[in-house]
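Have a look at the structure first, then we'll go through its pockets.

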Amino acid sequence: MIPQAEPGAGYRALRAEIDAAVARVLSSGWYVLGQEGRAFEAEFAAWLGLPHAIGCGNGTDAIALALRGLGVGAGRSVVTVSHTAVATVAAIGMAGATPLLVDIEPVHYTMDPDALRRVLEDPPPGLPPIGAVVVVHLYGQPADLDRIAPLCREHRVALIEDCAQAHGARLHGRRVGTFGDAATFSFYPTKNLGALGDGGAVAVADPQLAERIAALRQYGWHKHYISDEVGVNSRLDELQAAILRVKLTRLDSGNARRRAVAAAYTAAIDGSPLTAPRVRDDAEPVFHLYVARTAQRDAIQMRLRESGIGTGIHYPVPVHLQPAYAGRVATGPGGCPETEAASREILSLPLYPELTDEQVEAVCAALRGL
Ligand SMILES: *Cc1c(COP(=O)(O)O)cnc(C)c1O
């Protein structure tokens, strides 16, 4: 069976370097917020092209910390999409804010700028004023920042980029995460930059915002043991930071390999009942996921499984229809019909940099046989 994702392969490919990094941390006697974490933050910020990165416990906390750092909490609504990891919406709630979910554009599966414009110009009644937009670069494809960033500026709302699936993706040659007020990352093991446990980061340009987020992640401390405001505990530990330093050196080559595998799938899909993902003009995606689309999704998923090809569905139930949120979360006018249609037809094929050429060919042969 070729699995849809295989985080163990990322460890095995770099075992000697990762084991050495782990041994170094274990013998150092320092395990939380130390020199590995500081070094990783500096290296990750430099790689991204922003002055500050703040490590934290996971990608969900990263979004909540970014919102709180920007002063967006209780008494504010935050616009995001329903077609995302539920974490995006959970984080808005963790910050104390009210989520407002809008639809996606059907081709790229990212926030529909017209749906955003409608709620900014004419906010749904009964909701607190909109304080921020969390745009999600889903599947490693940049969202339409050309339209979304100016809308946020025009309406004076903060823009947070959820880059949990898009480490290194570019739009007009510029890395996503550098367009808004804050960028958030997850280092969950299957992400393009994955730890061997949980991890996350917020990246920002503004030094004061960086300082506030760094304080909020540790009880609101600016000085040890003195909370200036109420914070949380969401720290990136030294083991994960040391592992991430090793893996960061392979992130760009891993993304290039993902693009090459994606190109092979797109060629193999041609003429099959599957529709390949489309890439936005002048964008360089990083294919966290390769998501094809078909009206015969469930049957094709079963046939691929019989051929030894694992697949996934990201995501099978839109957030606004999940039991925790249905009837409790606001959606934009007209609801989210494109989100609901996509959730019935999308299928994620195996994709990670360590796939061998033989495995890629096996997937392609199965796709050609559909
Ligand atoms: C993975 C993910 C998150 C959450 O990250 P965790 O590290 O699992 O908390 C948030 N948003 C998106 C789009 C994700 O894919």
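## Who sits around the ligand

There are 14 residues around the ligand, and the ones that come nearest are Gly 59, Thr 60, Asp 162, Ser 186 and Lys 191. Keep in mind that this is a predicted model. Sorted by class, the shell around the ligand is made of seven polar, five nonpolar and two charged residues.

## Polar contacts and cover

Let's zoom in on some side chains. Thr 60 has a polar side-chain atom 2.5 Å from an oxygen atom of the ligand. For Asp 162, an N or O atom in the side chain is 2.8 Å from a nitrogen atom of the ligand. Thr 88 also has a polar side-chain atom facing this list, at 3.5 Å from a nitrogen atom of the ligand.

How much of the ligand does the protein bury? Taken alone, the ligand exposes 380 Å², and 89% of that is buried by the protein.

## The largest pocket

The ligand takes up space that belongs to the largest pocket. This pocket has a volume of about 760 Å³. It is lined by 48 residues, and those closest to its centre are Tyr 188, Pro 189, Thr 190, Lys 191 and Asn 192. Lys 191 is also among the residues that come nearest to the ligand.

Which helix gives the most to this lining? That's H10, with six residues. Helix H1 (7-13), H4, H5 and helix H10 (251-269) each supply at least two residues of the lining. By class, the lining of the largest pocket splits into 20 nonpolar, 19 polar and nine charged residues.

## The second largest pocket

Next comes the second largest pocket, with about 480 Å³ of space. Its lining counts 22 residues, and Leu 33, Glu 41, Ala 214, Arg 217 and Gln 218 are the closest to its centre.

Both helices and strands take part: helix H3 (35-48), strand E1 (52-56), helix H8 (207-216) and strand E10 (221-223) each give two or more residues to the lining of this pocket. H8 has the largest share, with four residues. In terms of class, the lining of the second largest pocket holds ten nonpolar, six polar and six charged residues.

How values were computed
Residues numbered from 1 in each chain as written. Predicted model: local features only at pLDDT ≥ 70, side-chain atom pairs only at ≥ 80, totals over all residues. Heavy atoms only, no water. Near = heavy atom within 4 Å. Polar contact = N/O pair within 3.5 Å; in protein donor to acceptor, adjacent residues only side chain to side chain. Areas by Shrake-Rupley, 256 points an atom, 1.4 Å probe, with all protein chains shown as cover. 1 Å grid on protein atoms, 1.4 Å probe; cavity = no way out; pocket = protein on both sides within 12 Å on 5 of 7 lines; lining within 4 Å. Sits in = over half its atoms within 2 Å of the grid points. Nonpolar A, V, L, I, M, F, W, Y, C, P; charged D, E, K, R; others polar. Points joined across faces, edges and corners; volume = space filled by probe spheres on them.
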